[in-house]
Amino acid sequence: MEWLHELFKKSPEIALFLSLAVGYYIGKIKFGSFQLGGVAGSLLVAVLVSQVGVAIDPGVKSVLFALFIYAVGYESGPQFFNSLGRQSVREIILAVVLAVTALLTVVIMAKVFGLDKGLAAGVAAGGLTQSAIIGTAGDAITKLGLAADEVARLQGNVAVGYAVTYVFGSFGAIIVCVNILPKLMGRTIREDAIKAETALQAGVQVLGPGQTPAAPDLIGRIYDVGPGAGRSVAEIESAHPNTAITIERVKRNGQIIDVSPDLVLAADDIVLLVGRREAMLSVSSQLGKELLAVEGMELVMQRRDMVLTNKAYHNKTVGEIRSATAPGVRHGIFVVQLSRMGKILPMQSETVVQTGDVVTIYGAEQDVKRVAAEVGYMIVPSAKTDFVYMGAGLVVGLLVGLLVARIGSIPLTLGSGGGVLLSGLVFGWFRAKRQTFGYMPSGAVQILKDLGLAGFVAVVGLTSGLQAVQTVREHGLTLFGVGVVVTILPMILTMLIGRYILRYDNVAIFAGALSGSRSANPAFGEVLNAAQNSIPTVPFAITYALANVFLTLLGPLIVAFV
């Protein structure tokens, strides 16, 4: 193994990417219905790789975690702020329950197995993956009035307990949130994530990437005019004002001719109709025979999102706007969706429209451009990230994480993780309101989340794995076993209280809240992977912020009660 040590010494990044590659491969393997997942797999492989000796700059872990947690906040900002209020009471209670059950578990296990104050605090810090407990417990130990050598011994034991229990603290939370919780609920995280997202989008069916409906609402058809001869374009189109069809192209005697409202169709004209399925079915028998394809009748349609900035439409209902808009403006344009801060609004006549809403329209290129000038500005899809906005968000978050408030001698801080998460939420929310800047493609958000979390966890395994294994050899398995109980038992108790008392009935939402109440970032990453959408993020963000405070306070409490 010496050659491996030398290799990793020359290029420690090889150990990092090796852990990711092998970890994700192992994570795909199913053991019956159990599957580790890429994050847990990367953690275990990193612990194994660490045994040959690997030195990773701790700054790498900080950078990767900051990217992950910022991307999570940025993606979920609009939904998070819309969800604040009395509906967040359950998340607050859940975070309190986990902190209290964790304190009781640590104190009882310390009494049963004779752990001193330092080891008990270290087990809490590692088993609950809350590193801040090391600092608050260490500070509390110095206030006990003990001899200097005893203070040093107890503070050293804090580090020992932390090293032994931290790795399983991360892994155990994944098992509870991703494997045990869905078993208890009888449904998968993905099933309930789809259900919650559909409910959030006002009953609109949520389609994943690459998915399209088998029978789309908007369709195009080509007809050879027969019974429809002698009718004008305006007459045919106005017969279906609500369901909307438009004649986009007419071919007469082999030539494409201009389409105008007063154009009268002649027998054997070839016409291209675009419109809603309901209208197309009713008009087809009145117009003529449908054709498969005709040269020159090809037309490319566009689906574009536009931000409404025209104040003439502000606080007007959909019905009012529809009736007040001139036919020439509406012609060839189909409004397919209306959304506000990422939430889809029902396309009903009484729905009130506001500036800043996003209107999704469908039509030919020239029609889309015409309406864009009237509505506001078009959101042009791009593969580029606004790094100015992203960098500013990270800087603000890291600065917020440095702020410290004190309750007596106990320092309270969001830390870099909490600060960047808060910043990501705010910057994501503001971006949703002002979409002229700050763009980050969904693919970029996903790679930041995936690489950031998996890389962070792998670095934890590489830097702590060797020390943890060595400490277990020195102190036996008792300390490790205590850490397993401290990791699992509070989460199980909190899970049962959440299910049967707080009445959580959605697995995806519950998993996000549970992982956040334990500040279990690796578990949350696996929950997100299982959900395949951002539904678990809002409850996670609420409980995670609270857990950073509640769990940090456990340090001096454990020192006082053990």
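The legends below describe close-up views of a predicted model.

In this predicted model, local features need pLDDT of at least 70 and side-chain atom pairs count only at pLDDT 80 or more, while totals for chains, interfaces and linings use all residues. Residues are numbered from 1 along each chain as its sequence is written, and side-chain values use heavy atoms, with hydrogens and water left out.

**View 1. Helix H15 packs against helix H16.** H15 (residues 387–402) and H16 (residues 415–433) have axes 7 Å apart, at an angle of about 140°; helices are DSSP runs of H or I with at least four residues, and strands are runs of E with at least two, numbered from the N terminus. Axes are lines fitted to C-alpha atoms, for helices over the stretch in contact, and angles run from 0 to 180 degrees between N-to-C directions. The angle makes H15 oblique to H16 (under 35 degrees is roughly parallel, over 145 roughly antiparallel, 65 to 115 roughly perpendicular, the rest oblique). Residues in contact (heavy atoms within 4.5 Å) include Tyr389 and Leu398 of H15 and Phe427 and Arg431 of H16.

**View 2. Five strands form an open antiparallel sheet.** The strand order is E11-E10-E13-E8-E14, where pairing requires at least two DSSP bridges between two strands. At the edges, E11 (343–345) and E14 (376–379) each pair on one side only. Neighbouring strands are turned by 35° against each other on average, direction ignored.

**View 3. Strand E8 runs antiparallel to E14.** Four bridges join E8 (residues 301–308) to E14; leucine 308 has glycine 376 of E14 as its bridge partner. Helix H14 (residues 365–375) lies across E8, E10, E13 and E14, at about 5° to E8.
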